[in-house]
Amino acid sequence: MYRPNFYESTCFRCNEIVYQVDRVGPLKDFTFFHSGCFKCAVCGTKLTLKTYYNNQHWTEDKEVYCSSHVPKIGPGHLDNSSVGIRSALNVPRTNNYVNEQIRGLARNSHDNDYNISRGDVYVSPTRATNGGSVHASPARDVSREPDYQYGRFDASALHIAHALKQTELQKAYHRPKEKPIDCYLDRDEQTKLEMKHRQEEDDLYRKFSKHREEENRRIRDEIQDEWERELERLTLRFQQEMQVKKRRPDSEIGALTLRHQQERADLEKNMTLRRDKKKESLTRKMLEHERAATAALVEKQSHEMMELIQERRSEYMAASSLYVDGEEAPPYPARAPAPQPPLVSKFHIYTDPAEFADVDKIAISVAQEDQKTFTDLVRQLVGRCASDVEKARTIFRWITVKNLNNIQFDDNLKGDSPLGLLRGIKHGTESYHVLFKRLCSYAGLHCVVIKGYSKSAGYQPGVRFEDNRFRNSWNAVYVAGAWRFVQCNWGARHLVNAKDAPRPGSRGKQDSLRYEYDDHYFLTDPREFIYEFFPLQPDWQLLKTPVTLHDFEELPFVRSLFFRYGLYFSDPNTKAVMYTDSTGAATMRIAMPAHMQSSLIFHYNLKFYDTEGDGFDGVSLKRFVMQSVVGNVVSFRVHAPCSGAFLLDIFANAVTPREYLTGEPMKFKSVCKFKICCAELQTVMVPLPDCASGEWGPTKATRLFGLVPITHQEALVFAGRELELQFRMSRPLADFMATLHKNGVDEKRLGKFVQQAVSDDVVTFYITFPEEGQYGLDIYTRERGSSSGLQQNGSTEKEKHLLTHCCKYLINSSKRN
């Protein structure tokens with residue numbers, strides 16, 4: 001294998017030896033440069049590893065260029081010398097067949113009765129029956145004529161329909177590659193405006209500091225005056241009592257003195273507590289005031305920065321094209337548009353975060369260094385971005401990649417620098433949404449801060465938004481021709497335990513925040529965002545039909561993973577609070593998309609809503625829930641064991657059959673929660689048999705093990721005193737085992753009543769029930785060992801999996817069945 005020798009390399013530019021201390025590289029095809037030779041081959045501009053470009057259109061060119069001089073592909077030829085057009089011109093012509101569904105029949109057609117006017121619409125018979133009046137002229141189906149030799153070329157043709165769909169998406173979201181901000185706005189000019197803004201912020205912070213000192217002095221003086229008055233009153237009373245008891249025994253005088261000292265100590269303690277409470281209340285009010293003043297200043301400064309960028313951009317566009325390939329596109333709006341629902345969804349902008357792999361690498365690389373100014377930071381982030389979406393993406397990823405638990409901040413940092421804002425976010429004095437807005441303004445993107453309610457840490461379904469406990473703020477950024485939501489805080493971190501929610505301004509419990517990137521909160525669709533966030537201004541819901549606060553409270557409590565897996569509620573009446581019927585039963589149904597049915601596994605947890613206890617009369621509440629899967633719908637049927645309120649938490653995880661068969665523990669995350677209310681219970685509910693957790697029925701066996709049921713396809717089985725279950729193996733399985741369970745009966749006693757046999761690809765389980773009643777049957781299996789390698793003696797080592805739970809049945813045994 002060839003290994004380049006980095007210690008004896010030569011400079012590509014001057015052909016002299018490059019030593020390690022002065023080396024830049026390896027670059028394209030293991031080329032190296034002296035740091036002094038690392039310049040643009042055209043203009044000589046000094047380059048860095050972040051600002052250099054290679055020629056992507058000629059593999060033999062190993063030179064380095066700046067962004068302005070990197071070679072680009074020119075316009076193609078669209079004359080008759082073009083290969084594609086030349087081949088089209090050479091196609092044999094025919095006069096016999098006309099595409100009537102696109103052009104209509106010619107005037108000299110023999111069937112003038114079938115001429116289609118411009119205002120008429122052709123509708124197939126199957127589509128005309130969908131309700132509503134549709135006027136259509138008749139059109140003949142030429143494809144059924146005997147001499148018709150060609151396929152259909154209208155929009156119903158499969159390949160054309162697909163192409164039309166792709167063209168529609170590209171028209172909606174394709175935006176030409178824009179030149180970097182360096183082309184039309186000088187860095188020094190932007191830095192000058194930033195320094196002016198910093199001076200304004202310094203003046204504001206000095207004003208805050210002066211106000212804090214004045215308020216602290218006022219409270220201290222008030223407490224001191226009150227202390228002196230109370231102490232004077234206490235001393236005067238002591239002196240009066242001493243005058244009365246002057247002729248009394250010394251023991252009484254001593255007791256009086258001790259009481260006075262105790263009262264003085266209690267007074268001092270009470271005054272200290274009152275001072276601390278006043279200072280805490282004042283600090284909270286001042287913090288709110290300072291945040292509001294800071295937000296107003298950031299709004300003003302962002303407006304000024306946007307005006308500067310738009311002015312320079314317009315001047316540049318008047319003289320030259322703003323786009324790299326000479327394409328044209330609608331200009332980015334100079335003023336922030338009014339809030340309107342986006343015409344296209346996030347899915348049409350991008351379907352996989354991997355599409356931003358290169359952009360994300362830039363953000364992660366920049367995040368590893370410290371920048372002193374916002375101008376330098378944003379230039380490094382968006383310098384290679386081709387569109388407004390990519391600009392917003394790099395800013396979002398730079399913020400979310402910063403793990404504040406691992407960053408040690410200098411206490412002397414200026415609060416108006418990038419690191420100073422991050423330090424403020426860690427200590428609760430600054431916020432993610434202000435930082436995102438500020439960075440967007442430096443990149444020339446319109447961004448707003450939206451205030452409202454959120455179903456954040458500590459929230460449970462059924463809670464009303466009656467105070468400021470769940471107030472929150474987030475952003476909307478104008479990209480891809482519409483306003484789109486961004487929640488940097490939730491995209492960067494989440495709480496390990498919702499009960500440990502840190503309060504604003506507190507420095508404790510930072511360990512309860514786990515930093516884990518969540519792409520759901522970048523450009524989130526409004527129809528999904530509304531499940532977790534409710535803006536105070538209805539227009540900023542970005543929905544065609546805004547919902548009320550009451551509607552927001554009733555929406556099911558879902559988490560980002562719910563949408564990441566493409567889940568949805570098959571019953572439109574599903575709400576955050578579900579009520580049981582007279583038997584104490586309530587059912588929640590979640591539908592899965594087709595591509596996730598083979599990999600999604602669900603689990604659940606049931607506990608009391610108020611006390612968080614998870615048992616009833618010594619039995620786990622999980623045994624009062626029956627989970628089953630039919631088709632693409634997973635159902636959770638809860639049977640309340642008593643009246644009251646319960647909390648159902650549903651978890652999910654996407655695994656492959658191979659991962660499941662290893663038997664290794666799997667990590668599940670919450671996708672949704674429900675409050676189950678049972679007003680009264682007319683039927684006594686008994687718990688389900690103590691089987692393995694998870695879904696009932698054979699669906700999991702087919703999905704993960706390829707074990708297809710022959711005799712019983714449903715989770716619930718009605719049998720007599722004997723039962724025979726059969727499955728067909730679609731892939732090799734071995735070592736089957738089944739266990740029988742019944743409430744109040746030892747599992748070991750029931751072991752002898754279950755037997756199994758395998759014949760070819762059919763496995764049969766024989767169950768004999770010792771008595772009537774309800775039973776649970778667990779079935780376990782594993783794949784046959786596969787060859788994993790050769791041992792030293794030449795024998796083949798077999799990989800052996802643990803026995804893994806395959807499926808379970810709920811069986812009602814009775815002589816009457």
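Which residues lie nearest the centre of the second largest pocket? I shall answer that in a moment, after a word on the model.

This is a predicted model, in which local features need pLDDT of at least 70 and side-chain atom pairs count only at pLDDT 80 or more, while totals for chains, interfaces and linings use all residues. Residues are numbered from 1 along each chain as its sequence is written, and side-chain values use heavy atoms, with hydrogens and water left out.

Let me begin with empty space. Rolling a probe the size of a water molecule over the atoms shows where such space is left. The work is done on a 1 Å grid over the protein atoms alone: a cavity is a set of points where a 1.4 Å probe fits but cannot get out, and a pocket is an open set with protein on both sides within 12 Å along at least five of seven lines. Lining residues have an atom within 4 Å of a point. Points are joined across faces, edges and corners, and a volume is the space filled by probe spheres set on them.

To return to the opening question, Lys 50, Tyr 52, Tyr 53, Gly 383 and Arg 384 lie nearest the centre of the second largest pocket, among 44 lining residues. Strand S5 (53-54), helix H7 (357-367) and helix H8 (374-382) each give two or more residues to this lining; helices (H or I, at least four residues) and strands (E, at least two) are DSSP runs numbered from the N terminus. H7 gives the most, with seven residues. The pocket has a volume of about 1,600 Å³. Its lining divides into 18 nonpolar, 11 polar and 15 charged residues, where Ala, Val, Leu, Ile, Met, Phe, Trp, Tyr, Cys and Pro count as nonpolar, Asp, Glu, Lys and Arg as charged, and the others, Gly among them, as polar.

I turn now to the cysteines. How many disulfides does a search of the whole structure find? The search finds zero, a disulfide being a pair of cysteine sulfur atoms within 2.5 Å. For Cys 37, the nearest cysteine sulfur is that of Cys 11, 3.9 Å away. Cys 37 is buried, at 19% relative accessible area; buried means under 20%, exposed over 50%, and partly exposed in between (1.4 Å probe, protein chains only). Cys 66 is in no disulfide either, with the sulfur of Cys 40 at 3.7 Å, and Cys 66 is buried at 9%.

Next, the backbone. Most residues other than glycine have a negative phi. Ala 480, however, has a positive phi of about 55 degrees and lies in the loop between strands S8 (471-479) and S9 (482-486). Leu 542 also has a positive phi of about 55 degrees. Is Leu 542 buried or exposed? Leu 542 is buried, with a relative accessible area of 2%, whereas Ala 480 is partly exposed at 26%.

Finally, consider strand S17 (residues 585-591). Six of its seven residues are buried, so the strand is largely enclosed by the rest of the structure. S17 pairs with strand S15 (residues 568-569) in the antiparallel sense over two bridges, pairing being defined as at least two bridges found by DSSP. Within that pair, Tyr 568 has Ala 591 as its bridge partner. Strand S22 (residues 633-639) also runs antiparallel to S17, joined by seven bridges, and there Met 588 stands opposite Phe 636.
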